[in-house]
Amino acid sequence: MKETNRRQMWQTPWGYPEGIVTVIGIVIVGFMLQITIGSFNFYLLAAPVNMILGGVLIGLCLLSLLLRKTSFFRWFTGVPVSVCLTVSLLVLSLIMGLTPQGTPATGETADWFTRLGFTGMTSSWAFVLIYFFTLLSLGCLIARKLLRFHWRNYAFYMNHIGLWLVLFAAGIGYADMERYVMHVREGEVEWRVYDSEGVVKELPIAIQLNDFDMEEYPPQLTVIDRQSGAPQPVVKPDYYQIDTKSPKGHLDGWDIQLEEYIHHAVRNSDSTYREVPMPGASPAARIQAVRKADGSKASGWVCGGNQAQLYMTLPLNEQLCVVMTAPEPKSFTSDVEVYMPDGVTKKGVLEVNKPLRIESWTIYQYGYDNKAGRLSSYSSMELVYDPWIIPVYIGFALIALGSVAMIWNGRLVKRRKENDERNDNDSPEKE
């Protein structure tokens, strides 16, 4: 009988079994650190610590070249370890995506799922250790390939260097990221914010709000109790969304007929309105209400009002009246001008999901005075300072270029094979 020679565990050359055990061991060490000393504080890596750590990582990758002929180095920079580390990162990221993330809790009252760091994944030791080992393995691989540099491997260089740069800048650079909310009044310049402790802080960036504008949806009509103000019916109130294309509605047993609607209206008299496109204007509607039960009618103007003018209701009887709700915002924008200490200025219009970027700052439209609505005297903006955003962009650009290069090289190889096959078919057969 033939004896099957099976490789024993930890017998060189190492492969996937050793990679799986190593990664599981790293995760277990992370769980032990999480339980004993708590979550990892990424803010300890703020500059210049992150720069020093980056230098140490690059130094270790270069020093690893001294071990490039060993089986351990080939395994650590090979496919098995890369796959195991990548899969572990994906699994931890999947858990993070499926689990509500919040402030990590490590007290005795917390459940084990929370104590192991799954509710604060990015600050859990398991995630951090896997992240750093991934950086080290990928960096050693890049150093090994660059030692024997060849231009034909340019796609590999761009992909892997770009990925390392994205992982490094997005992870270690997180500690240098700062977020603030700035309230800027219309026509004024502001550079001060409040930090998390409520202390005024001056920023090296100033914003001038030239104009704040808001576009609103048409408001709704509803019937309320004149004494309690509760919409009717109490269990499930009825609302009629004003729509000039569909001027009929039903509210708590009343048929509503929309006769006229003015979105920017001001009072023309005690009981009428006219269209005036001015900041203090408010939506107003002239309606007729007919009760289905007895045919009683009521008609007149209804206005929601605002800080500039009073509201108006349409009484239906001694108990009920028709009112207009506050219009919901459709969009709101801020016309701003941003100033930097080096003299750089930039103008732009902030919209939701359309930020303005200048140097290492990104400015988002955040909010306004909800009570004032269109008459808001200020605009709230979120300022995000991220000095590592440019390296992240460079990394993504390298990954994109490397991917295109790999596709292009694949097509060239395929075309070369087709030409070789065509030449073989066209060549005369030898006797």
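Modeller: Let us begin with strands and their pairing. Helices (H or I, at least four residues) and strands (E, at least two) are DSSP runs, numbered from the N terminus. Two strands pair if DSSP finds at least two bridges between them. This is a predicted model, in which local features need pLDDT of at least 70 and side-chain atom pairs count only at pLDDT 80 or more, while totals for chains, interfaces and linings use all residues. Residues are numbered from 1 along each chain as its sequence is written, and side-chain values use heavy atoms, with hydrogens and water left out.

Colleague: In what order do the four strands of the open sheet with β1 stand?

Modeller: The order is β1-β17-β16-β15, and the pairing is antiparallel. The edges are held by β1 (178-185) and β15 (356-358); each has a single partner strand, so one side of each is left without a neighbour in the sheet. On average, neighbouring strands of this sheet are turned by 30° against each other, direction ignored. Such angles are taken between axes, which are lines fitted to C-alpha atoms (for helices over the stretch in contact), and they run from 0 to 180 degrees between N-to-C directions.

Colleague: How many bridges join β16 to β17?

Modeller: Seven bridges join β16 (residues 361-368) to β17 (residues 378-385), and the two strands run antiparallel. In one of these pairings, Trp 361 has Tyr 385 in β17 as its bridge partner.

Colleague: Which strands form the open sheet that contains β13?

Modeller: That sheet has four strands in the order β2-β3-β13-β14, with antiparallel pairing. Here β2 (189-194) and β14 (345-350) stand at the edges, and each has a single partner strand, so one side of each lacks a neighbour in the sheet. Neighbouring strands of this sheet are turned by 35° against each other on average, direction ignored. Five bridges join β2 to β3 (residues 200-216), and these strands run antiparallel. Val 193 stands opposite Lys 201 in β3.

Colleague: Is Ser 334 buried or exposed?

Modeller: Buried means under 20% relative accessible area, exposed over 50%, and partly exposed in between (1.4 Å probe, protein chains only). Ser 334, which lies in strand β13 (residues 329-339), counts as buried because its relative accessibility is 0%.

Colleague: Which side chain makes a polar contact with the side chain of Ser 334?

Modeller: A polar contact is a pair of N or O atoms within 3.5 Å; within protein, one must be able to donate a hydrogen and the other to accept it, and residues adjacent in sequence count only if both atoms are side-chain atoms. The partner of Ser 334 is the side chain of Gln 365, at 2.5 Å. Not counting residues up to four places away in sequence, Ser 334 touches several residues, including Leu 209, Gly 348 and Met 381.

Colleague: Where does Thr 99 lie?

Modeller: Thr 99 is in the loop between α4 (79-98) and α5 (112-115). Its relative accessibility is 13%, so Thr 99 counts as buried. A polar atom of the Thr 99 side chain lies 2.7 Å from the backbone oxygen of Ile 95. Leaving aside neighbours within four places in sequence, Thr 99 is in contact with Phe 113, Phe 118 and Thr 119.

Colleague: What is the phi of Asn 353?

Modeller: Phi of Asn 353 is near 65°, a positive value in a residue other than glycine. Asn 353 lies in the loop between β14 and β15, and it counts as exposed because its relative accessibility is 74%. Glu 359, in the loop between β15 and β16, has a positive phi near 55°. At 44% relative accessibility, Glu 359 counts as partly exposed.

Methods
Contact = heavy atoms within 4.5 Å.
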